[in-house]
Amino acid sequence: MHPPLADFLKSRSAILSRGPLAIILIEDDAVVQETLQHHLEIGFRHILALSPAPITLPPDTAGRVTNLRWNTRQTGAHRDAVNAVIAAVPAGTWLYYCFNAEFLFFPFSETRTVAELLSFHAEERRDAMLTYVVDLYAPDLERHPNAVSLAEAMFDRTGYFALARKDGNGVALDRQLDFHGGLRWRFEEHIPPSHRRIDRVALFRNAPKLRLEADHRFSVPEYNTYSCPWHHNLTAAIASFRAAKALATNPGSREAIRTLRWKNSEPFQWRAQQFMDLGLIEPGQWF
């Protein structure tokens, strides 16, 4: 079965009654099963896998993945899908969203679950968690023309920076920054300005009248902050092939780019500790 997302949400399924729930938008056929399996392994209670056509689910999912019909290639597909789920689940439910070929890593995720992570975060009176999208890419585009290789994945170990985020009057917003780096920075001539940030509030707790905007920010300003006013809070990373896929396959960039590798490329070990060692994610007060 592959019912429409809207019909499933109207059914008020018991699946929607408790989190953490993951919303994964399937845009193409790149490592779909691996994406779903990774998020099951780190402890999401259920995954809503949204795709235009039915997908093959990983074996032994034990009813933990529901494949729903959604046009993931339409403009604002992530915003509209996430907001539809927000409107359907109880307030206080923890939600997460990403795309296929993206993988969530958080401090100590080798030994702890996402539910444990969010339980601690909630105890610190935080309702959202900043995640950095760390671009992954294959080192050889001739062997991997879509830039996706799980076995040989690389990422940039340096080149990340933050700029003050300002309101319409040019005043810096409290505890909000625009983060940059990775492929979107190195190949910015091929990336629209609106898509160059690497910050995404991918983990959040539902609240009345909450809405996600197209630029991955939320209608509630506090959700967009990187920490509380008193101390550093947990942050996480989404290791993502999405930008690499676009650069390697889009007509405007694929002929101009011979390789995505550079002097500061580092093989990805598929461990959160690697991101912690480089300062790309923050354990805050969690030990």
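**View 1. Strands cover the buried residues of helix H4 in this predicted model.** The cover includes strand S4 (94-99) and strand S5 (102-105). Strand S6 (128-135) and strand S10 (199-205) are also among the covering elements. The helix itself spans residues 114-123.

View 2. Val114, Leu117, Leu118, Phe120 and His121 are buried. An α-helix has 3.6 residues a turn, so residues three or four places apart point the same way. Just after H4 comes Arg125, with a positive phi of about 60°.

**View 3. An open sheet is built from 8 strands.** The order is S3-S2-S1-S4-S10-S6-S11-S5, and the pairing is mixed. Strand S3 (65-69) and S5 stand at the edges. Each has a single partner strand, so one side of each is left without a neighbour in the sheet. From one strand to the next, the twist averages 25°.

**View 4. S6 and S10 pair in the antiparallel sense.** The pairing runs over 4 bridges. Ala128 stands opposite Phe204 in S10. Strands of a sheet pair through backbone hydrogen bonds, either parallel or antiparallel.

**View 5. Two cysteines, Cys98 and Cys228, are buried.** Cys98 has a relative accessible area of 0%. For Cys228 the value is 5%. Both count as buried because the cut-off is under 20% relative accessible area. With a disulfide taken as a pair of cysteine sulfur atoms within 2.5 Å, the count comes to 0 disulfides.

Definitions and conventions
Residues are numbered from 1 along each chain as its sequence is written. This is a predicted model: local features need pLDDT of at least 70, side-chain atom pairs count only at pLDDT 80 or more; totals for chains, interfaces and linings use all residues. Side-chain values use heavy atoms; hydrogens and water are left out. Buried means under 20% relative accessible area, exposed over 50%, partly exposed in between (1.4 Å probe, protein chains only). Helices (H or I, at least four residues) and strands (E, at least two) are DSSP runs, numbered from the N terminus. Contact means heavy atoms within 4.5 Å. Two strands pair if DSSP finds at least two bridges between them. Axes are lines fitted to C-alpha atoms, for helices over the stretch in contact, and angles run from 0 to 180 degrees between N-to-C directions.
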